[in-house]
Amino acid sequence: MDILLVGAGLSGAVIGRMLAEAGHRATVIDARAHVGGNCHTERDPETGVLVHVYGPHIFHTDDEEVWDYVNGFARFLPFKNRVKTTARGQVFSLPINLHTINQFYGKTFRPDEARAFIAEQADRTITDPQSFEEQALAFVGPDLYETFFKGYTEKQWGCSPTELPASILKRLPVRFNYDDNYFFHRFQGMPEEGYTPMIAAILDHPGIDVHLETPFAPERAARHDHVFWSGPLDGYFGYGLGRLGYRTLDFERFRAEGDWQGCAVMNYGDRDVPWTRITEHKHFAPWEDHAGSVLYRESARACGPDDIPYYPIRLVEEKALLAEYIARAEAETGVTFTGRLGTYRYLDMDVTIREALDTGRAFLAHQQAGSAMPAFVKPPL
């Protein structure tokens, strides 16, 4: 079969590779001038620093098959994400841990003492949290919430935490030990030469043709037996029902000499600081040594028609519109929607690869059974 994959990011590359290895002809197109989507990395010509062009991507997973998959196309080196935050004139460790608590309150708590103390700070009148703010207050009380969550969340999402669902805080954002590793996952690391060479290696197969700077045109789909679409779900339909809501990011890129901030990620929790964080990219490759440095000041805002969509908002109005687009998608034949944009969900890289592997296998199973491939392997709602 002749397969068209729209988007040369992780979804398109992984599905394309699987289908090419199964004997299909895969054509991958992308409107950008590079493969890798938002995972794209490149060397800064002045400093030699490996830069995550669309913001940092840190690979972390408990999925051993996915970990083995990416290591088959790139050499991954150990990397632990240790985030700091500047708030109220001090630098603290994130996620909130025993060091953060002791520093913030000027205490020397042991774990059990800190746990009891935070339980006293929590708002016990909130028994069924409905908003992000209520969830945070029920977890940690007003002091830690207002210092570490409120201002940052307002900047990131452009609205009051009272308007965001409690589900955003899925687990207790506090550790009662000195573990400052941001992620819990077994496997954590970075591809030694960056994500773009890794994705290029996935696409490097005689059964795959890659065409960059090639926007999708609807008439092109008719020339292929099946389309895998990893662009915006609403974009496939020409935004005919309206645009799904996203937050986008602005990056102010600057260079510096030496080590500018001493860590890869520094958040800024105070509401009056306009950016949410500063990232120093040479710290994402600690095995390298560079005299100069490349940094991004990162700010979030509402996504316009010409902006890159990063974070789906998925509040009440967006979910209602999403349901309408899902209905339209499921009425289509010969197209499957994949990835972060195609399913209007925020997905970590490992989940994107997992779903791409599952999607490729589902397609091959449907082909063998002589049945039609559905629009979504994993329903977006």
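**Exercise 1.** In which sense do strand β1 and strand β11 pair, and over how many bridges?

*Solution.* The model is predicted: local features need pLDDT of at least 70, side-chain atom pairs count only at pLDDT 80 or more, and totals for chains, interfaces and linings use all residues. Residues are numbered from 1 along each chain as its sequence is written, and side-chain values use heavy atoms, with hydrogens and water left out.

Step 1. Strands (E, at least two residues) and helices (H or I, at least four) are DSSP runs numbered from the N terminus; two strands pair if DSSP finds at least two bridges between them.

Step 2. β1 (residues 2-6) and β11 (residues 226-229) pair in the parallel sense over 4 bridges. Leu 5 has Phe 228 as its bridge partner in β11.

**Exercise 2.** Describe how helices α3 and α5 pack.

*Solution.* Step 1. The axes of α3 (residues 98-105) and α5 (residues 132-157) lie 12 Å apart at an angle of about 105°; axes are lines fitted to C-alpha atoms, for helices over the stretch in contact, and angles run from 0 to 180 degrees between N-to-C directions.

Step 1. The two helices, α3 and α5, are therefore roughly perpendicular (65 to 115 degrees).

Step 2. In contact (heavy atoms within 4.5 Å), Thr 100, Phe 104 and Tyr 105 of α3 meet Asp 143, Leu 144, Thr 147 and Phe 148 of α5.

Methods
Angles under 35 degrees count as roughly parallel, over 145 as roughly antiparallel, 65 to 115 as roughly perpendicular and the rest as oblique.
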